[in-house]
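Work through the exercises below with the model open beside you. Try each task before reading its solution.

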Amino acid sequence: MLQELAAVDTHPLAETAARFVGLLPLLPLAGFLVNGALSLASSYKRGPADPSAAGAHDGTAAEQVAAHGSDHDAVARHPYAAITSVVGTLMPALSFALAIAIFLAMVSAGDFSTPYVRSYFDWMVTGDLQIRWAFQLDQLSMVMVLVITGVGTLIHIFSIGYMRDDPGYPRFFAYLNLFVAFMLVLVLGASYPVMFVGWEGVGLCSYLLIGYWYNVKSNADAGLKAFIVNRIGDVGFLMAMFMIFANLHTLDITAVNAAAPSLGFNSALVTTICLFLFMGCVGKSAQLPLYVWLPDAMAGPTPVSALIHAATMVTAGVYLIARSSALFVMSPAACITVAVVGTLTALFAATIGLKQWDIKKVLAYSTISQLGYMFMGVGVGAYAAGMFHLITHAFFKALLFLGSGSVIFAMHRAYHHTGNHDDAQDMRNMGGLRKYMPWTFALMWIATLAIAGVPPFSGFFSKDGILGAVFERAQHGTLAEATWLGMPGSAVLYALYGLGLLTALLTAIYMTRLMLYTFHGPNRTGEAERAQLREAPWSMTGPLVVLGVLSAVGGWLDLPATLPLGPVGLLDKWLEPVVGAATATAAGVVGEGVTSTEYVLIAVAVAIAVLGIVIALVRLRPAALLPKRDALPEHGIEKLLENKYYIDELYDDAIVTPLVSGSRNILWKGIDRGIIDSFFVNGSAALSRGVGWVGSQFQSGETGAYAWAIAIGALAVLGAFTFR
Amino acid sequence: MNTLVYTFHFYLFGLIAIASALAFVTRKSAVAAALWLVNTMFCLSALFVMLDAQFVAAVQVLVYAGAIMVVFLFVVMLLNLGEASEVTDIRSLGGKLTAGFVGLLMLAELFSLSRLKFPRLMGAMTDHANVVNPVSAPLFHEFLLPFEVTSVVLLVAVIGAVVLAKRGPKAQ
Amino acid sequence: MRDFLTQLSYDAWVLPALLLIPLAGALLLLVTGSLSSDDGTLEAAPSARVIALVTFVLEFVVSMGLWWSYDPAGARWQATFDHWWIIPWNARLSMGIDGISLMMVLLTTVIMPLAVLGSWTSIRTKVRSYYALMLVLTTGMLGVFVARDMLFFYLMWEIMLIPMYFIIGIWGGERRVYASIKFFIYTTAGSLLMLVGIIYLWTVSPVPAMGLPASFDYDRLLSIAHTHRAALWLFGAFFLAFAVKTPMFPFHTWLPDAHVEAPTAGSVILASLMLKMGTYGFLRFAIPLFPTAAMTPWVRTTVLSLAVIGIIYGALVAMVQPDFKKLVAYSSVSHLGFVVLGIFALTQQSVQGAMMVMINHGISTGALFLLIGMLYERRHTRLIASYGGIARVVPLFSALLVIVSFSSIGLPATNGFVGEFLVLLGSFKTHPFFTLFATTAVIYAAAYLLWGIQGIVFNPLDKKENEHITDLNARELTIMGVLVVAIFWIGIYPQPILRRMESSSAYFVHSVEQGQADTRTASREVR
Amino acid sequence: MIAEALFFSAVLFIIGVVGVLIRRNAIIIFMCVELMLTAVNLSFIALARLHGSATGQVFVLFVMTVAAAEAAVGLAIVISIFRHHKSVDLRNINLLKG
């Protein structure tokens, strides 16, 4: 312990702001505690001292109900709204400020290759197991901390406006603060179990926030689904931890990374560990086949969708793989699996996104698709590229979600005003909003161009980085030389590249479609509603502007060598100490400078993005669209897409229903009640009762019968003596 | 006493006892049965005398034949059961045969068990004139406590009989 | 603190005092009961619950000294006490604690006052007898945990049954008689075989060469080597007693009935403390006494299979329960499966984890039963379907239910995670495939509990009766406050507990491995 | 003569047993029991004679006392049963049924 402290003290970050790293999650946690207490304090009414004696029909209870009944529909600010807004946004903002201070300290500390680990106290120490509450700061976690606290703060500010009339205002901020705290624990954790605390903690917050409006059953169901599907993935994460510990006797990330080569290159063991870890990522980051929870998660308030289900939590899987890069490069098979799953998810989700009408559902599938891209990147060992896309995606997808939040806010306000009960999120009910919401319109177009991959917006650079890396890995490196399910690695990777391009095309199409239907064409809301449509307040538009700027210029974070518009490869260099070795291992021979092939690839990517937008503009007719209530049913492949390939129904019928009815009818009523209880337990009781009954039949009370019994008994005893 | 005469009388009383007993179990009338039983008791008392238990023989006549059987007869008459009112009092032929078979079987088993060889007669009791002493000496020395307990048993029986046979207030 | 305790010569008297204080309380209750002529309803005898609470708080205060006086690096048995008892049989009142007992004793003394507070207003008839029975029950449970004499252990084991039988049978729900008889016969049937085993051990215990008479002394019985065949039979006898109590699949069907029918405090005690007797028995008796039998490959595989089946089966059956109390009851089958898995996997981490799960299950499940009891007091139904959306009416209750449920699910940073993680982590080393199946239980655990609480606190508030439910009062908040603090304390900083149990669990693992190795070499020599 | 006495005793005893088995009149069954007791008394007397000791006779006295007590109580029971059932037929009496 002392030695360790000494080692920490000599670290270049030891005397800087980095020593307050523990405050990063603690500040939002404090916000959670304050807001949670406010929420409970405002709604708690003390119960009677003797609940079983108190009649259910006393006056106070009735009054309470009246009070509760009214507060649901009332559009009034929460009594603690002011203090909640201050505490709820200040805490993540302070975290962000601290994060910047630490970042500056790291920049000035220059290159350091060992992470700064700050250990607080023992968590689970027994035998050879040593798990401590320890946080780890290095370039990778720093990037994530900045994204989480930065984007997080913006979304908190946006929420002040978006949630202003909600009766559970402090509760919302409490959950959001708690989320930020857990997310920071996730990225800062110095060992897998500590990471897992954050990993599950964000799952909890996701559950609570998806089911935030819990009095609608579908919302609560969606939260439950998210948590359970995530847990399926968590089994993988847990198993990976067990395997790592059983073989390496440590769970500290640095120690595991250092010891990873001892597991043996391409050994079955390391592949299994990586695949289990990836299973965790599949759950958390909504990849095939566990993506189903994310579209449903849109049931939560829109800021939640922006923060948790687009910018931060769902990218945790990408972060985990980047964190464990030393393990993954040991197993090309696992890497290719990651890339293949990522690519297939990207394509699959993009096709579903083509035909969704709910504006948030489109964005949800888009998120799944973009996460697929990120896995494609980290799968092929281009960790910096994957992280780069994670960052730009955080910007433009948060912008898209918040923009759609603005739209929904406006639509909802308009509908509320006129008492209309139509779907405020359905694009068929929107249209032509550019006139009423010019800022949102402009900013969302920036984000759309970014996600579509049009230069010079951020998404172009990050997506191109990934596709370029896939193409490069297909040519040389450990992945190209490996075989995957009997196929040569390079062939697989070329195919992935092709599918990646196809996905890019689809991305451009569905995003343009979203913009066209929402902002262009005629307005499809009613006359009365149209009068109420207007831009959201500045507390909401402000964060949008910031994100818009970031989405536009985010590409400069990591310019490719082919396009030296500024300093090249900033992020690559920054992440070099963490993932550089792993990237180099995966890449094998380093390419010889800039080649003409790369320019061709860039040209193809741009062409495809533009083509997608053009196709959408040409083919789609927003003017011909009917509002949702008048819409005609779809047919053929479009119906299949609209219904998301019926995957949810398939899971329900093939897994959930058999499991539940099997548990009920076979396990509970069959085995538990039937076999064990009725047969063995009550059966043995019945047996002894039966024996007793037989015995009692001899007890007739007839003295004569007894005399006979005695006589025959005596006969038998005498006989026994006689014929001994 | 002449051994032959003695043996003759021994067999005589024994056989009469058995015959009376057989008559006793087969009479339908309770009074007749009781009288046959009294006859058996008398014969047995004679056997007791011949086995040098003169005092017990006297008691047998007094207590059994005299007291107990009289009580039986009283009860029979009190309840007016003198005539065989119920035809079903004796079991069916099958029952009788089975009972007889069981009895014979038991007898056979008893005989086959008693393979002991008894001497014809051991020396006679020492003092024929003094018949009570040999009984009373152990009774009031060795078996004093049981003897006293027996008196308590009798007392309890008397009280019990009174309580049981008394008409309850409801019956009146 | 330790100096202060030494001044009091605390170690010398604490264990008998812990056994006697509840008995004294029970006696006081009975005396006041026989002096007064009332009918023992709550209105007539409000002092009974106060006496009980004071006794339990005193018990708690006295027992807390053990936390400081126990030295993890010290002797194997601490705070020992020894007194003659039945001289002809050489049975003694011999007590002592090690790391395992320590935590179980403290868990008992913490849970019992809360159980009294939980019954504060819900028990309204024959209150004196009720609290007297709870006090006697406490003596029994503590006796089981501290006994170092097998006969004394068995006596306490059986003493425990009787009060619980009456608590279920008198203050229980509608089918209380069926449930209490089932509970009693099930557990007695198991434990009688154990008695046979104990008597057998006694008969083989004398060592004439060293002049040692027959004895029930635990440490002495530990040192006896049995033939493999005898060990198997004896292990079977002990195993059955503990498997019923734990309860392991398929000996678990008394549990749902007993839990559902028992009054709140009965369920709490049953789940938090009495189920631990079974697993404690495995740790203390069944395995250390017969290591060769317990670690025979086929025995071990069978037990581990039953444990893993129990984990998954309990979770799946819990998932479809319409009655929340039954849901929690089946979840106990699942959780206790983890304990058995950890114990039989026999690694340092898994055994430590098993002990942690024992503690955590005591806290979380106890809290769940208390919460559902509080709700039952208000609405008189336990069916999930008769609730819905009550988070709006009773926000604090709902928040607590969610917190406790997540601790039971095993969310990291709550207590549930620490235990399950250690069990699984340790078990993976020796039994990876069993661990893989056991790990999937984290999915079902989330499913059944979240389904349950969703049906109660979330969803639309669509039933008129539920709009009248009142939130928790100060007394109920005190109970839950203690438990929630424990949940997070153990979840975030379990090290003080782990440290106190470490040497005992290491001794357990080591001695069992050693015993196994010894006899293996011995049998090789024989061949 | 001892063997003969024992023979008579056995025969009388068996007759008593058969009587108990074939009769249904409670009073007669009582008498059969008395017969069995007396038969046993004969054995006692004979064996006392064999051993030349009076102890056996003492037992006979005890047996007689008990027999008297038994007869008294038994008959009292019969009377009270008769009052209830108006019959002493054993088939009507099954009070011994648990």
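**Exercise 1. The hairpin of chain C**

Task: In the hairpin of β1(C) and β2(C), which residue takes a positive phi?

Solution. This is a predicted model. Start at the turn. Four residues lie between the two strands, and C:N90 takes a positive phi near 60°. Next, step out to the strands. β1 of chain C covers residues 78-86, and β2 of chain C covers residues 91-97. They run antiparallel and are joined by six bridges. Finally, pick out one pair: C:I86 has C:A91 in β2(C) as its bridge partner.

**Exercise 2. The build of chain C**

Task: What radius of gyration would a compact globule of 527 residues have, and what does chain C have?

Solution. Begin with the rule. A compact globule with 527 residues would have a radius of gyration near 24 Å. Chain C has 23 Å, so the two agree. Now look at the extent. The C-alpha trace of chain C spans about 75 × 60 × 45 Å along its principal axes. Then count elements: chain C has 21 helices and two strands. Burial comes next. In chain C, 65% of the 527 residues count as buried. Last, check the contacts between residues at least 6 apart in sequence. In chain C, 81% of these join residues at least 24 apart.

**Exercise 3. The build of chain D**

Solution. List the elements first. Chain D has three helices and zero strands. From the N terminus, the order is α-α-α. Now apply the globule rule. The C-alpha trace of chain D spans about 50 × 25 × 20 Å along its principal axes. Buried residues make up 61% of the 98 residues in chain D. For contacts in chain D with a separation of 6 or more, residues 24 or more positions apart account for 48%.

**Exercise 4. Who touches whom**

Task: Which pair of chains has the most contacts?

Solution. Four pairs of chains touch, and the most contacts are between chains B and D. Rule out two other pairs. Chains B and C share no contact, and their closest C-alpha atoms lie 35 Å apart. Chains C and D share no contact either, with closest C-alpha atoms 24 Å apart.

Now take the contact of chains B and D apart. Chain D gives 60 residues and chain B gives 67 residues. On the side of chain D that touches chain B, α1 (2-22), α2 (26-51) and α3 (55-85) of chain D each give two or more residues. The largest share of that side, 23 residues, comes from α3(D). By type, the residues of this side of chain D divide into 45 nonpolar, eight polar and seven charged.

Chain B is divided into domain 1 (1-85) and domain 2 (132-172). The C-alpha centres of these two domains of chain B lie 23 Å apart.

**Exercise 5. The nonpolar cores**

Task: How many residues does the largest nonpolar core have, and which have the most contacts inside it?

Solution. The largest nonpolar core has 460 residues. Those with the most contacts inside it are A:A398, A:V470, C:A286, C:L341 and C:L371. Helix α17 (residues 383-418) of chain A gives the largest share of this core, 21 residues. Both domain 1 (1-43 + 77-118 + 136-178) and domain 2 (119-135 + 179-647) of chain A give at least three residues to this core. Another core lies apart from it, with 84 residues, including B:L44, B:F48, B:M50 and D:V17.

Zoom in on C:A286. Leaving out residues up to four places away in sequence, C:A286 touches C:F235, C:F238, C:F239, C:F242, C:G281 and C:A294.

Notes. Residues numbered from 1 in each chain as written. Chains lettered and ligands numbered in written order. Predicted model: local features only at pLDDT ≥ 70, side-chain atom pairs only at ≥ 80, totals over all residues. Domains from an automatic or database assignment. Buried ≥ 20, exposed ≤ 12 C-beta atoms within 10 Å, placed from the backbone. Contact = placed C-beta atoms within 7 Å. Nonpolar A, V, L, I, M, F, W, Y, C, P; charged D, E, K, R; others polar. Rg over C-alpha atoms; globule rule 2.2 N^0.38 Å. Pairing = 2+ DSSP bridges. Core = buried A, V, L, I, M, F, W, Y, C linked by C-beta atoms within 7 Å.
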